[in-house]
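Hi there,

Here is the structure I promised to pass on to you.

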Amino acid sequence: MYRVLITTVPFGQNNKEPLEKLVAAGLEYVINPLGRKLKETELAEMIGDFDVLIAGTEKISAKVLERATNLKLIARVGIGLDNLDLLEARRRGIQVTYTPDAPAPAVAELTIGLILSLLRSIHLSNDELHNGKWTRYFGRRIANCTVGIIGVGRIGSKVIQHLQAFGVDRILATDTDPRVYSKFNQDVEWVDRETIYRESDIVTVHIPLDHSTRNMIRRREMLLMKSDAIVVNASRGGIVNEADLADILREGHLGGAAMDVFDTEPYTGELANIDRCLLTAHMGSMSIDCREQMEVEATDEAVRFAAGAELKCPVPEQEYQIKELDFQNE
């Protein structure tokens, strides 16, 4: 009997289907007993003799994999792979799958929600009213803003669709893959990143974290932006430099920022003391439907593996090549 460790939490909370599928397939499972994101040492101690890991964003390092003597499959609930040592997994013969499509609608919608809250100071008004203060903030309508999108993959493209529905007149975008240019034709201005920084009222980031994108937006890039521009990061922590962002906001530059992802999670850093920075707890994918789909898709891969069937969504070779470049650039 294959044993499955489920480290991502919550899991099976709103829909028991993933757990039922594991039972029906004769798989024994254990759900993360700590009920929170595991630390590297905790996962290393827990991984034991499990054959399959249904994983979240916890760090799955070489140190962890060294302890995973029976591990044969990592089924990632989500799309990000920056937490996982892919090269070490391959070296040990561990297959890796992910669920790249499921989170996109939820992350895109949260991005729009963060933008609207910043533009209209919704988060500030809420906090003040809860503390007995009444302030009627002037704000901006999203349709009157120039919005810059960095990364037009699954999520960025959906953000653009939402922006178009709001009637945004000018959308700037950039992506390293020229194939995405045909998605929107003349509806989007394809520009370089510096043009986005200089001309956008809103800059929103939708790219993976790797050696080329870590600390991509630092003090220099923020100072290129308009004094009242807003920055949104719902992709991966580490792309927007948190210390530089805190300094810039304290100095009065930028109209605000929203961060759903952080270098270290749970986040307890200095941005938490800055009112103009809207913080959410890495919950971009946490709509009920998208989360359920992610869990079901990851579970289905575990069931396929146990049955000796072909995996549906293995991590593509390109991701291993990116990790190899990361390794060479360390």
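Strand β9 (residues 202-205) and strand β10 (residues 230-233) pair in the parallel sense, with four bridges between them. Before going further, please note that this is a predicted model, in which local features need pLDDT of at least 70 and side-chain atom pairs count only at pLDDT 80 or more, while totals for chains, interfaces and linings use all residues. Residues are numbered from 1 along each chain as its sequence is written, and side-chain values use heavy atoms, leaving out hydrogens and water.

A few words on terms: helices (H or I, at least four residues) and strands (E, at least two) are DSSP runs, numbered from the N terminus. Two strands pair if DSSP finds at least two bridges between them.

Within that pairing, isoleucine 202 has isoleucine 230 as its bridge partner in β10, and threonine 204 stands opposite valine 232. β9 also runs parallel to β6, joined by four bridges, and here valine 147 stands opposite isoleucine 202.

Which way do the β9 side chains point? Ile202 and Thr204 point one way and Val203 and Val205 the other way, and all are buried (under 20% relative accessible area; exposed is over 50%, partly exposed in between, with a 1.4 Å probe and protein chains only).

Now for the whole sheet. Seven strands form an open, parallel sheet in the order β8-β7-β6-β9-β10-β11-β12. Its edge strands, β8 (189-190) and β12 (277-279), each pair on one side only.

Helix α7 (residues 154-165) packs on this sheet, touching β6 (146-150) and β7 (170-174) (contact means heavy atoms within 4.5 Å). Its direction makes about 165 degrees with that of β6 (axes are lines fitted to C-alpha atoms, for helices over the stretch in contact, and angles run from 0 to 180 degrees between N-to-C directions).

After α7 comes glycine 167, with a positive phi near 85 degrees.

Enjoy exploring!
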